[in-house]
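Please take a moment with the sequence and the model, and then I will walk you through a few places in it.

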Amino acid sequence: MAGGNTSKRSKKDADGSSARAARRRAVLRTVHDVREQLNSEGGYRPSFRHELLMMYAQNRTSAHMAVPMLLLTVGAISTLWADPAHSLLWILAALLTHAMMYVIARRFEKLSADDVDLESWNKRFLLWEGVSGLVWASILVLPTTKDAAYLAEYHFAIMLVVVAMTTMLSFSIPAAVWVGALPISVFIVFEASVNVEVVDTTLSLMSIGAMVFFLSLSKRLYSSTLAMLNFRMEKDFLITELEQAKAVSDESRRQAEEANTAKSRFLATMSHELRTPLNAILGFSEIMQNEVLGPLPNEKYKEYVGDIHSSGSHLLNLINEILDLSRIEAGRYKLNEEAVTLAYVAEDCENLLRLRARAKDITIKLDIKSSLPKVWADERAIRQITLNLLTNAVKFTPKGGTIILSVHASEEGGQYISVEDNGPGIPEEEISTVLSAFGQGTAAIQSAEEGSGLGLSIVQALVEMHDGSFDLKSVLRKGTKVTATFPPARVMDVTPPATKRPRIQLKRTG
């Protein structure tokens, strides 16, 4: 009873500690998020700023070949309506601007996050993005040497290309999109408003609409990038939590293994120290109880000697059960396997407990199929399993009750031993407690005798060592049925009797 309550309290304390740790992590995470939001600029966390600038630099360096090809193409086409010398100067200025932006982006990529002045680098990026926008806009003001009817459409196409390129490369810095796209967009709008008679109104409206569309697109890409960074941070946070929880779990498991090893060593060391004096107590008390060396002068002394003997027997049984369970948990319990007939073991165990059952007016009925083949098992372990189950049944069954001990073949081809009683039963929520070490149910303990609560734990362990399964079914105020099933692999095949061949008689001929 005390052991069961202690295990419940320890489990409850462990659950409470886990809940408190989870609440502390949630509070720390909330405080961190609020602090980040209060220190944010532009609607994002400060920790994201370096990643956004790094994304901008990577976009610029990844386009180090595509942008020069575009510059050369646009410069070559401009020679159709502008002076080639002016076009060449524009190409050189544009390539120099692009080279400077590439060098700056590469330098930023090589710096670590701790060594970067983000504000300074942000201003550099904006400055050169503005220079690039002015260079792109300057191609629209090159002196024309030929009349070109398509010049307005060409300017509109260049604006679309520049705004689209700036949007795709600079969306991680919203200000860079405006700085890079604004010069050429302002020129197109200004040209359309000044030369209303020359420039088509539809083309002017399309220019304004295209500019608004690409700026909206850059804002959308920026929002998606922030969401992606936020999700990645959440993922990293969860991974960190999992790693911490795993580290705590590994440490707890290590400590539990060390404690279990220390317990096993202690029990192994103390087994001799405990059993030796107990055997002396039992031996001497039995001699005094039987009055081998002469009668006791006082009947009260004789009663005390009986109490000493029964208490010593109970303590010795408890020590034996604890040592058995300890050996099983430590992996030191070795099975001495041989061919065993379950029916014979069950009958022997019933004979041992028959007098104890009759003392409580309990009937033990046998439902045994004696023709079953033998199983490959440890006979001592099978006997202990059966005795523990029968002892529990006798202990919890009220006077006048009935116990059914069954040995049959299972549907899968194995064999099982089951013990069914009509005792008080076990509430469903207490079954896990009853099956744990030192666990005892509250409803059944009221009518039970003394017990350690280790019987079913030992039965489970021994059945698992035989690769079997253990099942406990109980209905409150109706009874309990416990079944230990052994797998088909342990059932020994019965060799069929040899059949005599018919004798063939040969007839002589001739």
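Predicted model: local features only at pLDDT ≥ 70, side-chain atom pairs only at ≥ 80, totals over all residues.

Let me begin with Arg477, which is found in the loop between strand E6 (469–475) and strand E7 (479–486), where helices (H or I, at least four residues) and strands (E, at least two) are DSSP runs, numbered from the N terminus. The phi of Arg477 is near 65°, a positive value in a residue other than glycine. Arg477 is also exposed, since its relative accessible area is 70%; here buried means under 20% relative accessible area, exposed over 50%, and partly exposed in between, with a 1.4 Å probe and protein chains only.

Residues are numbered from 1 along each chain as its sequence is written, and side-chain values use heavy atoms, with hydrogens and water left out.

Asp361 lies in the loop between H10 and strand E2 (363–368), and with a relative accessible area of 54% it is exposed.

Now for the chain as a whole. Its secondary structure comes to 14 helices and 7 strands, and buried residues make up 37% of its 510 residues. If we take the contacts, meaning heavy atoms within 4.5 Å, between residues at least 6 apart in sequence, then 73% of them join residues at least 24 apart.

Helix H4 (residues 84–110) has 27 residues and reaches 39 Å from its first C-alpha to its last, close to the 39 Å expected at 1.5 Å a residue, the expected span being 1.5 Å times one less than the number of residues. Among the buried residues of H4 are Trp90, Ile91, Ala94 and His98. How far apart are the end C-alpha atoms of helix H5 (residues 118–138)? They are 30 Å apart, which agrees with the 30 Å that its 21 residues should span at 1.5 Å a residue. Buried residues of H5 include Trp121, Phe125, Glu129 and Trp136. Leu127 is also found in H5, but Leu127 is exposed, with a relative accessible area of 55%. Leu127 and Gly180 are 53 residues apart in sequence, and their C-alpha atoms are 9.4 Å apart in space.

Helix H3 (residues 66–78) and H4 pack at an angle of about 165°, with their axes 9 Å apart; axes are lines fitted to C-alpha atoms, for helices over the stretch in contact, and angles run from 0 to 180 degrees between N-to-C directions. H3 and H4 are therefore roughly antiparallel to each other, a label for angles over 145 degrees, whereas those under 35 count as roughly parallel, 65 to 115 as roughly perpendicular and the rest as oblique. On the H3 side the contact includes Val67, Pro68 and Leu71, and on the H4 side it includes Trp90, Ile91 and His98. By class, this contact of H3 with H4 has 10 nonpolar, 4 polar and no charged residues, where Ala, Val, Leu, Ile, Met, Phe, Trp, Tyr, Cys and Pro count as nonpolar, Asp, Glu, Lys and Arg as charged, and the others, Gly among them, as polar.

Another pair is helix H10 (residues 342–359) and helix H11 (residues 379–396), which pack at an angle of about 35°, with their axes 9 Å apart. The contact of H10 with H11 has 11 nonpolar, 2 polar and 5 charged residues.

Staying in H11, we find Ala393, which is buried, with a relative accessible area of 3%. Leaving aside residues up to four places away in sequence, Ala393 touches Ile403, Val419 and Asp421. Ala393 and Glu420 are 27 residues apart in sequence and 7.5 Å apart in space, C-alpha to C-alpha.

My last stop is Ser185 in helix H7 (residues 174–194). Is Ser185 buried or exposed? At 1% relative accessibility, Ser185 counts as buried, and, not counting residues up to four places away in sequence, Ser185 touches Met159, Val163 and Met211.
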